[in-house]
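Keep the viewer open as you read.

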Amino acid sequence: MSQQGLHQTMHNAPTRHGLPQTTKNRDGSYSSPIKFDEHDLELHLHEGTTSCSTVVLLDMSGSMMRYGRFLAAKKVAMAMQSLVRSRFPQDSLDFIGFYSGAMRIPEFAVPLTMPKPVTIYDYQVRLKVPIQQIDKAPQHFTNLHMGLQLARRILRKRQSENKQLFIITDGQPTAHVESDNVYLLYPPDQRSALATLKEAVLAVREGCRVSTFALIEDYWGMDWVGFVDQLTKLTKGVAFYTNSGELASCVMESYLSGRKKKTYIA
């Protein structure tokens, strides 16, 4: 019972039952018992917002250059920085960029980050690259699988009660990791999708909430949302199908709703 609840209970009892009467005990001592019943007990509800660890995965593939998508994603990232640092200083916020590989983006570097330029235009690409040499490969593919792997490693070190993954992307995976190699596959291959979905499920099993923001500016790109549907279903997460202009409101809504509140009965 909280101190406030105890004080109120001590006030309720004599108000309802009168002041305690002094009585003589068998051993010759005196006592003044206060009479209580269940109606006198005062319970107070205390709500406290728990701490939260969030990793934002930014798609840096070549297609993010179109329609101002990456510019919108960067603006959202910087707005989240401002929100977290000003209103929720106990929260942690990390950024990961994923392309043919994946890297952690320091907060100070977010405004300078750009998507990777397209360097090959073949109708079909099937490349196998050792992870150690991924920087030498074409960089404009979509390796969400590696991004999720890195996000899981980061969140394992966090002690927050709530953990969130925000994925901002405009297409399905076109790359994944197998053993010590990265496979760059275009058109998108089911192997990349399955590897990515498995990684997302592992993140959920480790206590992460997954929110996906699918950037769709035209009907031509609608065919890939089936991957987002699968991701959302398997992770029991949430998905937003939006355009660049509406992205900020979607992300802020999801971030605030993901910071669950605990209620304590005192």
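Which side chain meets that of arginine 85 in a salt bridge? The partner is glutamate 107, with N to O at 2.4 Å. Keep in mind that this is a predicted model. The pair links distant parts of the chain. Arginine 85 sits in helix H2, residues 69-87. Glutamate 107 sits in the loop between strand S6 (102-105) and strand S7 (125-130). The two are 22 residues apart. Arginine 85 is partly exposed, at 39% relative accessibility. Glutamate 107 is partly exposed too, with a relative accessible area of 27%.

Step back to the whole chain. The protein chain has 266 residues, and buried residues make up 48% of them. Its secondary structure comes to six helices and 13 strands. Take the contacts with a separation of 6 or more: residues 24 or more positions apart account for 76% of these. The structure holds nine salt bridges.

Another salt bridge joins arginine 104 and aspartate 94, whose closest N and O atoms are 2.5 Å apart. Arginine 104 lies in strand S6 and aspartate 94 in strand S5 (residues 92-98), so the pair ties together parts ten residues apart in sequence. Their surroundings differ in accessibility class. Arginine 104 counts as partly exposed, at 46% relative accessibility. Aspartate 94 counts as buried, at 6%.

Now turn to arginine 152 and glutamate 199. Their side chains meet in a salt bridge at 2.5 Å, N to O. Is arginine 152 buried or exposed? Its relative accessibility is 11%, so arginine 152 counts as buried. Glutamate 199 has 7% relative accessibility and therefore counts as buried. The pair is part of a network of salt bridges that links Arg152, Arg156, Glu199 and Glu206.

The axes of H3 (residues 144-156) and H4 (residues 190-205) come within 8 Å and cross at roughly 20°. An angle under 35 degrees counts as roughly parallel, so H3 is roughly parallel to H4. H3 passes H4 in a left-handed crossing. On the H3 side, the contact is made by Leu144, His145, Leu148, Gln149 and Arg152. On the H4 side, Ala195, Thr196, Glu199, Ala200, Leu202 and Ala203 take part. By class, the contact of H3 with H4 has six nonpolar, three polar and two charged residues.

The axes of H4 and H5 come within 9 Å and cross at roughly 30°. H4 and H5 are therefore roughly parallel to each other. Here the crossing is right-handed. H4 contributes Ala193, Thr196, Leu197, Ala200, Val201 and Val204 to the contact. H5 contributes Phe227, Gln230, Leu231, Leu234 and Thr235. What classes of residue make up the contact of H4 with H5? Eight are nonpolar and three are polar, with no charged residues.

Return to helix H2, where alanine 72 is found. Alanine 72 is buried, with a relative accessible area of 13%. Which residues does alanine 72 contact, leaving aside its neighbours within four places in sequence? They are Ser244 and Leu247. Alanine 72 and leucine 247 are 175 residues apart along the chain, yet their C-alpha atoms are separated by 7.2 Å.

Finish with the backbone. Most residues other than glycine have a negative phi, and most peptide bonds are trans. A cis peptide bond joins tyrosine 186 and proline 187, with omega about 0°. Proline 187 lies in the loop between strand S10 (181-186) and H4. Tyrosine 67 has a positive phi, near 55°. Its place is in the loop between strand S4 (52-59) and H2. Serine 179 also has a positive phi, near 55°. Serine 179 is found in the loop between strand S9 (175-178) and S10. With a relative accessible area of 66%, serine 179 is exposed.

Notes. Residues are numbered from 1 along each chain as its sequence is written. This is a predicted model: local features need pLDDT of at least 70, side-chain atom pairs count only at pLDDT 80 or more; totals for chains, interfaces and linings use all residues. Side-chain values use heavy atoms; hydrogens and water are left out. Axes are lines fitted to C-alpha atoms, for helices over the stretch in contact, and angles run from 0 to 180 degrees between N-to-C directions. Helices (H or I, at least four residues) and strands (E, at least two) are DSSP runs, numbered from the N terminus. Angles under 35 degrees count as roughly parallel, over 145 as roughly antiparallel, 65 to 115 as roughly perpendicular and the rest as oblique. A crossing is left-handed if the near helix is turned anticlockwise from the far one by less than a right angle, and right-handed if clockwise. Contact means heavy atoms within 4.5 Å. Ala, Val, Leu, Ile, Met, Phe, Trp, Tyr, Cys and Pro count as nonpolar, Asp, Glu, Lys and Arg as charged, and the others, Gly among them, as polar. A salt bridge is a side-chain nitrogen of Lys or Arg within 4 Å of a carboxyl oxygen of Asp or Glu. Buried means under 20% relative accessible area, exposed over 50%, partly exposed in between (1.4 Å probe, protein chains only).
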